[in-house]
Amino acid sequence: MNVWKRDFYRIKLLGLLVLLTVFFCWLIGRMTSASGDGQIVLNEICSSNFTLVRDDNGAYSDYVELYNGGSETVLLDGYYLSDDPDSPWKYPLSSISLEPGAYHIVWLDGTDDPQTERVGFGISRHGEEIFLSRRDTGEIVDSVKVPELVYNTSYGRIRDGEAGWEKMTATAGSSNGMADILPSIELESPVFSVESGFYEEPFALEISAGEGETIYYTLDGSDPSPDGTPYREPILIEDISDRENVHSARTDLAPTRDYTPPFPVDKAVVVRAASFNELENTMSETALGVYFIGYGQKEIYDGLPVLSIVTDPDNLFDYESGIYVNGAAMDEYKKHGMQDGVLADSYVDENGETQYRYMASNAFRNGKEWERESTISYFDGEHRYCFTQDVGIRTAGQSTRSNPKKSLNIYGRTIYDENALFPYDFFPGNVYSTVKLRIAEDIKDAFLVSLAENRDVSIQRAEPSVVFLNGEYWGIYDIRERYKEEYLQNHYGVSAGNVWIMDADVAAVGDGEAQEAYQYMYDLITECDLSYDDVYAMVCECIDVQSLIDYCCINLYVNNRDVSFSTNTALWRTIEPEDSEYGDCKWRWMLFDLDVTLDPESVGMEDNWLFQEPVVQSLMKNEQFRRQFCITYMDIANTVYNYDNVHEELMEWKEIYGEQIVLDRNRFADMSYTEEDLDLYITEMDDFFKERFQIAMAELKDRFGLERELADVTVVRKNYGGGYNSNQYGHT
């Protein structure tokens with residue numbers, strides 16, 4: 001046999017040995033993973049269940065899926081789950097029977113209740129090891145080291161019960177064969193040659209990534225993928241404002257309106273890019289660049305911050321899941337709302353409830369299931385680039401969801417970005433993880449609230465900002481504080497987790513305990529005779545009386561016609577006492593939503609809904625309260641909403657918002673809206689306060705039977721350290 005033949009047979013024998021080795025490894029894997037009667041294994045694990053599947057309590061808990069890969073039914077009694085190899089018998093499973101080929105979900109929500117399949121530990125989304133053990137044999141039946149997972153994904157066996165795990169789309173309670181295998185996010189993000197910003201001249205954008213990686217990019221806000229456009233050469237970045245509108249041209253953003261702007265809106269270039277190594281099934285986080293070209297010539301943006309929101313268009317406009325579009329909700333309404341071939345404004349459904357056309361939109365869906373991942377980039381008033389952060393967005397507000405332009409809540413979360421807090425203090429001295437983008441073409445609410453900054457009510461500060469959505473001009477908004485726990489921490493120094501918040505008679509923070517405490521306060525005030533000072537003193541230990549009076553007086557003075565304790569009213573208190581000014585467990589009021597105000601036709605104090613509230617009527621029986629109320633009302637009339645003060649501030653707000661209000665109206669509602677219409681709007685606000693003082697004082701005198709006449713008083717202040725703020729007699 002010659003040398004060539006000997007080498008040939010050696011190679012053939014070596015190949016056979018390799019095949020046998022692979023076969024035996026596969027066989028051993030099958031034996032240790034799934035084969036055998038009654039074999040229970042870990043099959044799928046989720047460590048960041050944001051909106052995938054709810055447990056029996058309606059919560060989105062971490063979970064472990066067990067699978068019976070054997071041929072016999074197995075009783076889970078005697079099996080244990082643990083995240084500690086030194087303590088494998090940590091949490092016992094219940095006596096449920098798991099049939100062959102069946103799945104069973106165990107919820108990991110931090111509580112320990114085997115009867116409800118709840119286990120007393122969670123899984124770190126950064127990864128940890130999970131163990132399944134049997135007490136009777138003293139063995140660890142199965143274990144898996146869970147890697148770091150992106151939210152709403154899982155780590156599962158590629159085939160149920162078999163060896164081989166991958167990151168995948170979740171399939172809780174069903175076969176993993178239905179899942180999509182996901183790439184691991186391991187690569188560095190692509191690097192852009194020019195950072196986001198405002199530039200006067202066009203330029204070529206270069207994108208670079210690691211060796212062996214392919215970059216894919218998009219220009220429409222959509223998520224980059226290997227199915228998209230590969231980066232081959234520099235991208236020309238220029239002003240694209242004269243190109244056809246895309247999102248602005250949609251006619252399905254409002255159930256009762258289909259207006260679109262008859263002009264090309266201003267635009268920015270949005271570049272999203274990610275790198276992929278398809279052989280290793282790895283990818284990078286998505287990089288983003290937002291570029292405004294030639295805006296130095298567009299004076300309408302001068303001095304105004306700009307906020308860019310970028311998100312995959314499906315997150316907004318998908319028929320089923322888009323949060324901004326009429327979508328499936330409108331078609332559902334059409335099934336029952338057509339009358340004689342015309343879509344009715346409302347109809348009564350089979351449950352006797354009235355359904356309204358203006359609400360026939362996906363935008364009216366609530367809850368975190370309707371939160372969508374987005375990326376915001378912020379540029380300050382000088383148009384300097386400040387930061388980019390991945391966030392969640394939801395539609396916000398009430399009836400305004402029916403408009404083509406909608407308010408949005410923005411949520412910073414660690415599932416989206418390393419930092420939950422925004423790296424920029426929109427409101428000096430306070431840092432937040434959530435803010436609201438509130439539509440701002442009607443400035444009344446933000447303006448009236450801002451003037452009440454130094455009163456004993458909470459207010460939501462506002463910062464104007466022009467918003468661009470996926471690169472298209474989306475109007476003038478206010479970045480607003482939100483009444484959440486971190487707001488109270490920022491403004492009142494109270495501890496996290498030690499507050500209750502009520503909103504329109506319903507607990508917003510605190511659930512049942514907050515509801516009970518609120519009801520106790522309500523009953524105490526309305527059922528007791530407060531004409532007795534000792535009983536009134538007891539009430540004063542339960543509420544901040546000055547806060548309630550300020551709240552009522554402000555709403556009354558601006559003639560708010562859309563407020564009662566069950567409408568547009570919020571209040572808060574600490575749960576347990578704290579050693580601080582506001583840690584006294586007293587209820588305090590929070591001012592918001594002053595949109596339906598400034599009507600020159602006053603309804604009068606007695607007919608205002610707040611004056612008809614049982615709490616206010618009961619307190620009015622006390623002489624101290626009545627006196628404090630009258631003094632406060634006059635104080636607010638003479639200071640907060642004094643005409644000279646209001647006029648000066650209003651002219652400043654007009655200067656800031658004016659041109660943008662006109663452009664915004666042209667963009668979303670009415671091309672014929674002009675600066676003359678804006679002037680009329682501002683004049684009506686100004687006239688209200690010009691006439692309001694005399695009307696308000698007449699109403700006060702009539703309601704409280706005040707005698708004598710008003711007189712001008714000049715206060716000369718020499719002792720600048722004197723004066724005080726009395727809870728009994730109001731501001732001095």
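Predicted model: local features only at pLDDT ≥ 70, side-chain atom pairs only at ≥ 80, totals over all residues.
Analyst: Start with residue classes. Residues are numbered from 1 along each chain as its sequence is written, and side-chain values use heavy atoms, with hydrogens and water left out.

User: What makes something a pocket rather than a cavity?

Analyst: Both are sets of points on a 1 Å grid over the protein atoms alone. In a cavity, a 1.4 Å probe fits but cannot get out. A pocket is an open set with protein on both sides within 12 Å along at least five of seven lines. A lining residue has an atom within 4 Å of a point. The second largest pocket has a volume of about 1,400 Å³. That is the space filled by probe spheres set on the points, which are joined across faces, edges and corners.

User: Which strand gives the most to this lining?

Analyst: β36 does, with 4 residues. Strands are DSSP runs of E, at least two residues, and helices are runs of H or I, at least four, numbered from the N terminus. β31 (407-411) is one of the strands that supply at least two lining residues.

User: Why is β31 called largely enclosed?

Analyst: Buried means under 20% relative accessible area, exposed over 50%, and partly exposed in between (1.4 Å probe, protein chains only). In β31, 5 of the 5 residues are buried, so the rest of the structure largely encloses this strand. Ser407, Asn409 and Tyr411 are buried on one side, Leu408 and Ile410 on the other.

User: What makes β31 a partner of β30?

Analyst: Two strands pair if DSSP finds at least two bridges between them. β30 and β31 have 5, in the antiparallel sense, so they pass the test. β31 also pairs with β32, antiparallel, over 4 bridges. There, Asn409 stands opposite Lys436.

User: Why is Asp223 with Arg272 called a salt bridge?

Analyst: The rule asks for a side-chain nitrogen of Lys or Arg within 4 Å of a carboxyl oxygen of Asp or Glu. Here N to O is 2.7 Å, so the pair qualifies. Asp223 sits in the loop between β18 and β19, Arg272 in strand β21, 49 residues apart. Asp223 is partly exposed at 44%, while Arg272 is buried at 9%.

User: What makes Glu332 and Lys335 count as a salt bridge?

Analyst: Their closest N and O atoms are 3.4 Å apart, so they meet the distance rule. Both lie in helix α3, 3 residues apart, about one turn. Glu332, at 40%, is partly exposed, and Lys335, at 62%, is exposed.

User: Why does Asp380 count as buried?

Analyst: Its relative accessibility is 9%, so it falls under the 20% limit. Its salt-bridge partner Arg384, at 2.9 Å, is exposed at 51%.

User: How many salt bridges are there in the whole structure?

Analyst: The search finds 29. Arg438, Asp445, Arg480, Asp593 and Asp595 are linked in a network of them.
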